[in-house]
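Please keep the sequence and the coordinates open while reading.

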Amino acid sequence: MKAFLLLLAALFVSATPLRAEPPAPAPDAPVYVVPVRGQIEGALLYVLRRGIAEAERQNAAAIVLVMDTPGGTLDAAGDIVRSIQNAQLPVYTFVEKDAFSAGAIIALATKGIFMAPGSVIGDALPIMMSPFGGVQEMSEGLEEKAVSAVSALVRSAAQNAGHDPELAEKMVRRELEYKIGDEIVSPAGRLLTLTADEAARPGKEGKPLLSAGTAADVPAVLDQLGLAGHPVVELEITSTEKLARLLAAAAPILMIIGFLGLYIEFKT
C-alpha cells in the first residue's frame, strides 16, 4: 500500500505542469520611463495607463516609475495600484526625492523600489482635507474606517509585489511596532518613514528591508536590473494631460474661490 501511494504521488507530480518562466526581453526591447511627480490625482491615472499600454504594445523590457510626490488622493492611488498589478510587464519605482502617502502606496505595488541617495519613502496615514485647505480632523470612527481601508490596500500591494506587508502596514498604523528579531526598527506611536540608507539595510530572511538598491539615476537603476544598454523611452506628457493635471491639482483652490464667490453674492 505504501509503495502504491508513493507511485500515485510520483505520477501526480509528473503530471503537474511546470510554471513557465517569462521569456527574457529582447536586447533591443525598450524600457519605458513614466514620471510620477507632484500630486497624485485622477489625471495621473490616465497618464500611467497610457504609458503601460504603450509599453506593452512595444514589447518593452520593463517600466520604471520616476517618483517625487508628497502624496495625493486615495481613490487615484488605488486605481493606479490596480493598473500596475494588471500590467503584463514588470514595473519598478525609482524614488528621486520623496514618496510619501499615496506615492508610497503606489511604490509598494511595484516589483522593486530603488532610491536615490537622500530620498525618503513612507508615512501613508490617510488624512481628510477641508474644502478651505488644510487638514480636517476626523472622528474616531471615520479615522479607523479610513485607516483600515488603506491598511488593506498597502498590505495587498506589498504582498502582490513581494514586499513585507507588516512593514507596509507600519506606514499606515502608528500603533503597531515593527521588529526584526529583537531589534525595534520602528516603535509604536510613530509612522514608518525610511531614508534610502534605512530602506536598503538587511531585513527579514536576509532580504533588504524595502529598497532593492540605491541608485543615482535611471541608468544606474537599469544597470542594477541587468537592463543596461536597452533603449530608454521617456513618456511625454501631452499638453492636454498637463492641463488636466493642473486643473486637478488646483481643484481645492477653485472650490475655495467658488465658496468665496457664493459668500460675496449672498452678502451683496
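The points below start with the whole chain and then turn to single elements and residues. The model is predicted. The protein chain holds nine helices and twelve strands, and 40% of its 268 residues count as buried.

**Confidence and overall make-up**

- The average pLDDT of the protein chain is 84, and 78% of the residues score at least 70.
- Residues 4–21 have a pLDDT below 50, and this stretch makes zero contacts in the model beyond near neighbours in sequence.

**Packing of H2 and H3**

- Helix H2 spans residues 42–57 and helix H3 spans residues 74–86; their axes are 9 Å apart and meet at an angle of about 10 degrees.
- Because angles under 35 degrees count as roughly parallel, H2 is roughly parallel to H3.
- On the H2 side the contact is made by Gly42, Leu44, Leu45, Leu48, Arg49 and Ile52, and on the H3 side by Ala76, Asp79, Ile80, Ser83 and Ile84.
- Sorted by class, the residues in the contact of H2 with H3 are seven nonpolar, two polar and two charged.

- Glutamate 41 sits in the loop between strand S1 (31–37) and H2.
- The relative accessible area of glutamate 41 is 6%, so this residue counts as buried, the cut-off being under 20%.
- A polar atom of the glutamate 41 side chain lies 2.9 Å from the backbone nitrogen of alanine 43.
- Alanine 26 is placed in the loop between helix H1 (2–15) and S1.
- With a relative accessibility of 37%, alanine 26 is partly exposed.
- Alanine 26 and alanine 61 are separated by 35 residues in sequence, while their C-alpha atoms are 7.4 Å apart in space.

- Serine 119 is in the loop between strand S4 (112–115) and strand S5 (120–122).
- The relative accessible area of serine 119 is 0%, and the residue is therefore buried.
- The serine 119 side chain reaches the backbone oxygen of alanine 116 at 2.6 Å.
- Leaving aside residues up to four places away in sequence, serine 119 touches Val95, Glu96, Lys97, Leu194, Thr195 and Ala196.

**Alanine 109, between H4 and S4**

- Alanine 109 lies in the loop between H4 and S4.
- A relative accessible area of 8% makes alanine 109 buried.
- Not counting residues up to four places away in sequence, alanine 109 is in touch with Val81, Ile84, Ala157 and Ala161.
- Ile84, one of the residues touched by alanine 109, is also among the H3 residues that meet H2.
- Alanine 109 and histidine 163 are 54 residues apart in sequence, with a C-alpha to C-alpha distance of 8.6 Å.

- Most residues other than glycine have a negative phi.
- Serine 101 has a positive phi of about 50 degrees although it is not a glycine.
- The place of serine 101 is the loop between strand S3 (91–100) and helix H4 (102–108).
- Aspartate 123, not a glycine either, likewise has a positive phi of about 50 degrees.
- Aspartate 123 belongs to the loop between S5 and strand S6 (128–129).
- Its relative accessible area is 32%, so aspartate 123 is partly exposed.

**Glycine 181, between S8 and S9**

- Glycine 181 is found in the loop between strand S8 (178–180) and strand S9 (183–186).
- Glycine 181 has a relative accessible area of 59% and therefore counts as exposed, for which the cut-off is over 50%.
- The C-alpha atoms of glycine 181 and lysine 204 are 8.3 Å apart, and the two residues are 23 residues apart along the chain.

How values were computed:
Residues numbered from 1 in each chain as written. Predicted model: local features only at pLDDT ≥ 70, side-chain atom pairs only at ≥ 80, totals over all residues. Heavy atoms only, no water. Helix = DSSP H or I, 4+ residues; strand = E, 2+ residues; numbered from the N terminus. Buried < 20%, exposed > 50% of the residue type's maximum accessible area, 1.4 Å probe, protein only. Polar contact = N/O pair within 3.5 Å; in protein donor to acceptor, adjacent residues only side chain to side chain. Contact = heavy atoms within 4.5 Å. pLDDT = per-residue confidence, 0-100. Axes fitted to C-alpha atoms, helices over the stretch in contact; angles between N-to-C directions. Parallel < 35°, antiparallel > 145°, perpendicular 65-115°, else oblique. Nonpolar A, V, L, I, M, F, W, Y, C, P; charged D, E, K, R; others polar.
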